Amino acid sequence: MMTYIVFILSTVFVVSFVSFSSKPSPIYGGFGLIVAGGIGCGIVLNFGGSFLGLMVFLIYLGGMLVVFGYTTAMATEPYPEAWTSNKAVLAMFITGVLAELLTACYILKEDEVEVVFKFNGAGDWVIYDTGDSGFFSEEAMGIAALYSYGTWLVVVNGWSLLIGVLVIMEVTRGN
Amino acid sequence: MNPPIFIIIMLTVISGTMIVVTTSHWLLVWIGFEMNLLAIIPILMKKYNPRAMEAATKYFLTQAAASMILMMWIIINLLHSGQWTVLKDLNPMASIMMTTALAMKLGLAPFHFWVPEVTQGISMSSGLILLTWQKIAPLSILYQISSTINPNLILTMSILSVMIGGWGGLNQTQLRKIMAYSSIAHMGWMTAIMMYSPTMMILNLTIYIIMTLTTFMLFMHNSTTTTASLSQTWNKTPLITSLILVLMMSLGGLPPLSGFIPKWMIIQELTKNELIMMPTLLAMTALLNLYFYMRLTYTTALTMFPSNNSMKMKWRFECTKKMTFLPPLVVMSTMLLPLAPMLSILD
């Protein structure tokens, strides 16, 4: 099972996306996001990006989703819709999960699958030790490069975050 | 909107487009598009009525979906080519899907449905920015990938856009919707020539922006949003009546006005590339555009539209709106044709 761990995690990742795309109430959608965030962290960890995976937990789940959870709790409705509340949400959830399971079975059975690009069954999800990444972790070097060579990117990202806040405040001002 | 906030947000709209236009890295292209989209939402929602909010939501959803498609195919292009440079040739499938994503951003048929609805729901000055500045960034990326665009896709979208821009605008009386369909048609002309001579696309974009800027500023000067109120211009500001006449004819592409330059150049470049049916169809369906511009001219300048007697005796106040640069713009949108031989500097 551990050889195909990335494949399994990717399948469950898509299923958790289906769980909030089937449009239950936001509080249940937030639960789907938490699961998706945790699984995303697992996928990144399997590629050697330990720092960035834990950043997902810290910043995404521990910062952004917590704020989302609090605002949803403030603006919640008296009878929130879960996945089994009405037929529409349940039907969409089942359709999404079915589509994903069929795709996963197709990938596992066939030798070579070409959807958008060719991949050889589930073999492509197994991490081999390809390439010589030397003694340095590529992911840590990438983060270091962002803060040294990528000064312009940091400026653009910082400005975009500031503008995000200003735009949200303008949009929700309402007068 | 609070003036310092307005300045910061406009600065971000401008810098978002500038990032898209000047960068050579695909990730920065996506970042520029998203910055531009995020910052223009409060500009679209300047008036806090439900219609403007609906328009801003529609704009956000379509543009965000287009950015997502663009991002996915940027990554797949990275998978196939191993590099992020914009000017290097694209994977053919990536090129098709990126062209589709950029067509969604521009409002080309068959992704044009948001343009009239969004333009109608927002104020005239926001509509101005939407239809002129927002077209620069996607067209600059199409310019950079123009050598690898699939001809079938782009020419189909272009001829459909000109047709839909023509037929869609026929039944409209609201000026913002008329300008939206005019924008769809002009985008069709621009993308028709993209593969054969991208320089002519830039020429068309420049002249289109000048003419649309002038049209919107004249409409704002009169504070009109419908054909019926535009037809009372003879009583409010008689000078604008004749300016609208010449401007509409220029938008329709009639010689001897500047609107004729891009159409002439595009037809010339298309025929040089041995396409005959395409420029014929484009020119014939552009006549539909000319019909509704002429209808505006007819009701504004050539006849006195029916109204009751009290509307025929208006007080004439001085215009308090700041119409910067309007006279030079009017001159540029109508009298540039004698400068057309300067295009020989491109050879």
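View 1. Helices (H or I, at least four residues) and strands (E, at least two) are DSSP runs, numbered from the N terminus. A salt bridge here puts a side-chain nitrogen of Lys or Arg within 4 Å of a carboxyl oxygen of Asp or Glu. E269(B) is buried, with a relative accessible area of 14%. K272(B), at 55%, is exposed. The classes are buried, under 20% relative accessible area; exposed, over 50%; and partly exposed, in between (1.4 Å probe, protein chains only).

Residues are numbered from 1 along each chain as its sequence is written, and chains are lettered from A and ligands numbered from 1 in the order in which they are written. Local features of this predicted model need pLDDT of at least 70, side-chain atom pairs count only at pLDDT 80 or more, and totals for chains, interfaces and linings use all residues; side-chain values use heavy atoms, with hydrogens and water left out.

**View 2. E54(B), K58(B) and E117(B) form one network of salt bridges that share partners**. The side chains of E54(B) and K58(B) meet at 2.9 Å, N to O. Both residues sit in helix α3 of chain B, four residues apart, about one turn of the helix. K58(B) also forms a salt bridge with E117(B), with the closest N and O atoms 2.7 Å apart. This second pair links distant parts of the chain: K58(B) is in helix α3 and E117(B) in helix α5 (residues 114-121) of chain B, 59 residues apart. E54(B) is partly exposed at 45% relative accessibility. K58(B) is partly exposed at 27%, and E117(B) is partly exposed at 39%. Over all chains, the structure holds four salt bridges.

**View 3. Helix α4 of chain A carries A104(A)**. The helix spans residues 87-109. A104(A) is buried, with a relative accessible area of 9%. Leaving aside neighbours within four places in sequence, A104(A) is in contact (heavy atoms within 4.5 Å) with F7(A) and T11(A). A104(A) and F7(A) are 97 residues apart in sequence. Their C-alpha atoms are 8.8 Å apart in space.

**View 4. Chain B meets chain A through 20 residues of chain B and 17 residues of chain A**. Between them the chains bury about 1,600 Å², 83% of it on carbon and sulfur atoms. Buried area is the accessible area (1.4 Å probe) that two parts lose on being put together, summed over both. I8(B), L38(B) and Y48(B) supply 29% of the area that chain B buries against chain A, more than any other three residues.

**View 5. The side of chain B that touches chain A draws on α1 (3-22), α2 (26-44) and α3 (50-81) of chain B**. Each of these elements gives two or more residues. The largest share, seven residues, comes from α2(B). By class, this side of chain B has 17 nonpolar residues, three polar and no charged. Ala, Val, Leu, Ile, Met, Phe, Trp, Tyr, Cys and Pro count as nonpolar, Asp, Glu, Lys and Arg as charged, and the others, Gly among them, as polar.
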